[in-house]
Structure formats: structure tokens, C-alpha cells
Amino acid sequence: MNGRENLLNLANIPELKRRLFYLFLGLAIYRFSIHIPTPGINGEAFLSLFQHASGTIFGFMDIFSGGALRRFSICALSVMPYISASIILQLMTVVYPTIKELYKEGPEGKRKIAYYTRYLTVLICLIQGFGIAIGLERMTAPNGVPIVSDPGWTFRIITTVSLTAGTMFLVWLGEQMTEHGIGNGISMIIFSGIVAGIFPAISRTIKFVQTGEFSVFYLLLILVLLIGILAFTCFMEMSQRRIPIHYARRQVGRQVVGGQTSYLPLKINTAGVIPPIFASAILMFPATLASFVPISVFKQISEFLRPGAILYETIFAALIVFFCYFYTAVVFNPKEVAENLKKWGGFIPGIRPGKATEEFLDKVLNRITFIGALYVAFICVIPSFFITKLNLPFYFGGTSLLIVVGVALDIMGQIEAHLISRQYESFIKQSKLKIK
């Protein structure tokens with residue numbers, strides 16, 4: 001099936017057209033909402049301060065907010081508190097078995113987890129919003145103009161409530177996009193925020209070529225490198241180790257079940273984008289503290305841990321490898337998988353069920369996690385080389401690339417599933433007509 005036939009099929013499926021309409025409508029509402037300013041903020045002064053502190057965690061967060069933090073709109077926190085709440089609940093499954101059991105209870109358990117995630121998101125927003133409000137009251141622009149014209153408890157309460165309301169609105173919008181659109185709505189909000197920065201980057205690059213700062217050959221070289229990294233990322237994100245699983249025949253009532261072969265897919269990058277997000281937040285924390293607290297120790301640490309420096313990139317890569325192993329151990333339990341396979345009569349050819357299966361899965365998982373950790377570290381470190389050595393006129397982040405590729409592949413997979421479902425429905429209808 002070629003690309004033209006795919007487009008025609010998209011136009012002929014009402015359900016898919018409706019879902020795509022809801023998706024684009026939700027993204028349009030999101031892009032409009034990031035322009036609603038937070039009351040009491042001097043926008044020009046904050047923008048100049050933000051540009052001065054672009055190397056801190058604020059610059060990192062602005063990438064995922066789609067420019068909302070730069071404008072300090074009511075959506076400045078974006079959906080990052082929701083992502084943090086989701087990660088915290090996942091990590092708590094290691095400490096609290098009760099939460100772990102909720103993930104296994106099906107739709108009812110997922111509903112409870114969603115409630116807990118929202119409540120925790122509100123708490124995180126209130127803490128972050130109040131902390132940001134207090135910090136902004138003490139800050140001034142590089143030219144001495146205060147960021148907050150009328151500081152006090154009124155400003156703190158309004159700012160905290162505004163930022164919390166903006167985040168919860170985006171969470172609600174993302175849930176509506178998930179239910180009525182295509183793909184995960186929260187991921188699509190982050191995806192659109194990152195993609196929105198591509199067009200200004202293209203514009204700046206064209207200006208560099210027009211002014212003679214970049215030659216056409218140099219631009220083509222950069223494009224080849226970027227396309228190569230993008231293709232490599234797509235290949236690695238789709239790569240997986242497929243372990244064959246055989247199910248023995250067994251009698252259940254009057255029926256004989258089993259006797260089938262399936263596969264247990266283990267992704268090379270099981271941890272996704274969590275490791276670079278955690279690593280970036282930890283390394284940018286000293287620079288952020290140096291912006292708020294005028295202590296020489298924090299400023300010295302932030303100078304050593306400057307993006308592009310050898311020490312920063314080395315620690316960054318090491319933290320990514322650590323979090324890849326840590327988060328993979330949280331989301332995938334070889335012992336639990338081995339017990340479930342044994343319970344349902346499944347086994348890996350050549351491996352005894354039970355303890356031997358657990359050891360085999362753990363061994364395979366450690367090997368592919370090592371490869372995945374090196375891959376994620378490479379993808380997140382190499383952009384710093386491009387920015388510092390090749391003097392790119394735009395930010396090219398590995399974390400952003402992983403998110404964009406992951407979400408794009410998910411969207412394409414869901415659209416393909418709709419097309420395949422449509423083909424099966426048409427085939428069944430034609431078969432019924434022939435039978436009649």
C-alpha cells in the first residue's frame with residue numbers, strides 16, 4: 001500500500017477523521033492557552049531574565065512547555081507536574097505493595113491510580129507555584145527592573161492558583177485528546193511544544209545562510225548529520241529482543257487450550273525518556289539555585305556543571321546509564337513475568353519454567369539495558385557537541401528527540417491499526433455478501 005492509498009483510506013474512515021479532528025483541535029487550544037499571561041508579572045523583564053538564565057533548569061523546562069515558561073503564562077509549568085506525579089507513583093510501587101496491586105486490578109485500579117495522580121499533581125503544582133512566586137519577588141531583570149511590580153501575599157496566591165489551574169487544564173485537555181483523539185494526549189502536548197520550536201530554528205538557520213555565516217555545503221553537512229541521528233534513533237526505538245514463548249496444550253473444561261507460540265518483546269530502550277529527564281534535572285539544580293540564592297558555592301558548582309563542559313557531559317552520561325538500569329528494574333520484574341508464564345502454562349524453549357526462566361530473563365534484560373543505556377547516553381550527549389563545536393543556531397536536545405520520535409512512532413502505529421481494522425471490516429463484509 002503506497003502513501004497515496006494511505007491518504008485516501010484516511011479520508012474514507014469517518015472514525016479516524018473524527019479522532020484526527022479532535023487531536024488537532026486540542027493542540028490548537030493548547031497553543032492558544034500558552035499565550036495567556038500570569039497576572040502581576042512584568043513580561044519584558046521576565047523575558048530578559050529568562051534569556052540570561054537559559055542554561056538553568058528553566059531553559060530545560062521551557063522546551064517541554066512549548067515556550068509557555070518563557071512567556072510565563074498560566075501554563076508555564078505545562079504537564080511536567082503530572083509527569084512527575086506519574087513517575088513518583090510508579091517508583092512508589094517498589095516501597096508500597098498496595099500501590100503495585102492497583103496497577104494489576106484492571107480498569108478499576110487504573111481509575112484509582114488516575115485519581116491519585118491528579119491529586120499529587122495538584123500538590124506538586126501548589127508547591128512549585130508558591131516557590132516560584134516567592135522566588136520571582138526577589139528577582140530583577142539584568143537592567144534592574146523588578147519582575148513583580150506588586151509583591152505580597154496577593155501576588156503569591158494568584159500566581160500559585162493560576163499556575164495550578166493552567167496545569168490541571170492541560171491535564172484535562174490531554175485526557176480528552178486521549179479519549180477522543182489519536183495517541184496519548186499528555187504526550188502529544190509535550191510533542192507539540194517541542195515541535196513548535198522547529199520553525200523558529202529553521203528561520204534562524206536560513207538567516208545564517210543568507211548573511212553568509214553558514215555556507216550551503218556546511219548546511220547540507222548539518223542536515224545529513226541530523227537526518228542520520230534521527231534515522232538511528234528511530235531504528236533503536238523500534239528495536240526489541242523477541243523471546244519466543246510456547247504454551248503447552250491443556251484441558252480447560254471440555255476445551256483444549258494452548259499449543260500456541262507467541263513472543264515476549266523486550267525493548268532496547270525500556271526506560272524511555274525518564275533517565276535523561278532525571279539526569280538533566282539533577283545536574284541543572286545547582287545552576288537553578290545559583291539564580292535564586294546568591295551563594296558563591298552554588299555559582300562555582302554551576303560553572304563546573306555547565307552544559308557542553310567535559311565534566312558535565314561525563315556525569316550526565318553516567319547518570320543516564322544509572323537511571324536506565326534503575327527505571328527498567330522498576331517497570332519490568334523478571335520474577336513476576338516468570339511466575340505468570342508458569343501459571344498460564346507458558347515456557348521459553350530450552351529453559352525450565354520458574355527460577356531458570358527468571359534468571360534467563362534477568363540476564364537478557366541486563367544485556368539489552370546496557371545497549372539501551374549507551375544508546376540513550378549517546379543520543380543525549382552528542383547534541384551538545386553539535387551545539388558547541390558546530391555552532392548550531394538552534395537547540396538540538398537528545399531528550400526532545402527521544403520524545404518526538406517515540407510519540408511520532410506511537411501515532412503512526414495507531415493510525416496503521418485503524419487502517420488495518422478498516423481493511424478487516426471490509427473483508428468481513430465482502431465475505432458475508434459472497435456467502436449470501
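Helix H2 crosses helix H9 in a left-handed sense. A crossing is left-handed if the near helix is turned anticlockwise from the far one by less than a right angle, and right-handed if clockwise. The structure is a predicted model, in which local features need pLDDT of at least 70, side-chain atom pairs count only at pLDDT 80 or more, and totals for chains, interfaces and linings use all residues. Residues are numbered from 1 along each chain as its sequence is written, and side-chain values use heavy atoms, with hydrogens and water left out.

H2 spans residues 14-33 and H9 spans residues 153-180. The two pack at an angle of about 170 degrees, and their axes are 9 Å apart. Axes are lines fitted to C-alpha atoms, for helices over the stretch in contact, and angles run from 0 to 180 degrees between N-to-C directions. H2 and H9 are therefore roughly antiparallel. Angles under 35 degrees count as roughly parallel, over 145 as roughly antiparallel, 65 to 115 as roughly perpendicular and the rest as oblique. On the H2 side, the contact (heavy atoms within 4.5 Å) is made by Arg18, Arg19, Tyr22, Leu23, Gly26, Leu27, Ile29, Tyr30 and Ser33. H9 contributes Phe169, Leu170, Leu173, Met177, Thr178, Glu179 and His180. Nine of these contact residues are nonpolar, four polar and three charged. In this scheme Ala, Val, Leu, Ile, Met, Phe, Trp, Tyr, Cys and Pro count as nonpolar, Asp, Glu, Lys and Arg as charged, and the others, Gly among them, as polar.

H9 also packs against helix H10 (residues 185-195), at an angle of about 115 degrees and with the axes 7 Å apart. That makes H9 roughly perpendicular to H10. Leu170, Val171, Gly174, Met177 and Thr178 of H9 meet Gly185, Ile186, Met188 and Ile189 of H10. This contact has six nonpolar, three polar and no charged residues.

Leu23 lies in H2. Its relative accessibility is 4%, so Leu23 counts as buried. Buried means under 20% relative accessible area, exposed over 50%, and partly exposed in between (1.4 Å probe, protein chains only). Beyond neighbours within four places in sequence, Leu23 is in contact with Met177, Gly181, Ile182 and Met188. Leu23 and Ile189 are 166 residues apart in sequence, yet 10.0 Å apart in space, C-alpha to C-alpha.

The largest nonpolar core has 67 residues, of which Met188, Ile243 and Ile320 touch the most other members. Helix H17 (residues 355-389) supplies the largest share of this core, eleven residues. A nonpolar core is a set of buried Ala, Val, Leu, Ile, Met, Phe, Trp, Tyr and Cys residues joined through side-chain atoms within 4.5 Å. Not counting residues up to four places away in sequence, Met188 touches Leu23, Leu27, Met177, Ile182, Val407 and Ile411. A second, separate core of 19 residues includes Phe50, Ala76, Ala133 and Leu136.

The loop between helix H5 (68-71) and helix H6 (80-92) holds Ser78. Phe72 lies in the loop between H5 and H6 as well. Phe72 has a positive phi near 50 degrees, and Ser78 has a positive phi of about 55 degrees although it is not a glycine. Phe72 counts as buried at 2% relative accessibility, and Ser78 counts as buried at 1%. Leaving aside neighbours within four places in sequence, Ser78 is in contact with Phe64, Ser65, Thr167 and Leu170.

Overall, the protein has 18 helices and five strands. Helices (H or I, at least four residues) and strands (E, at least two) are DSSP runs, numbered from the N terminus. Buried residues make up 41% of the 436 residues.
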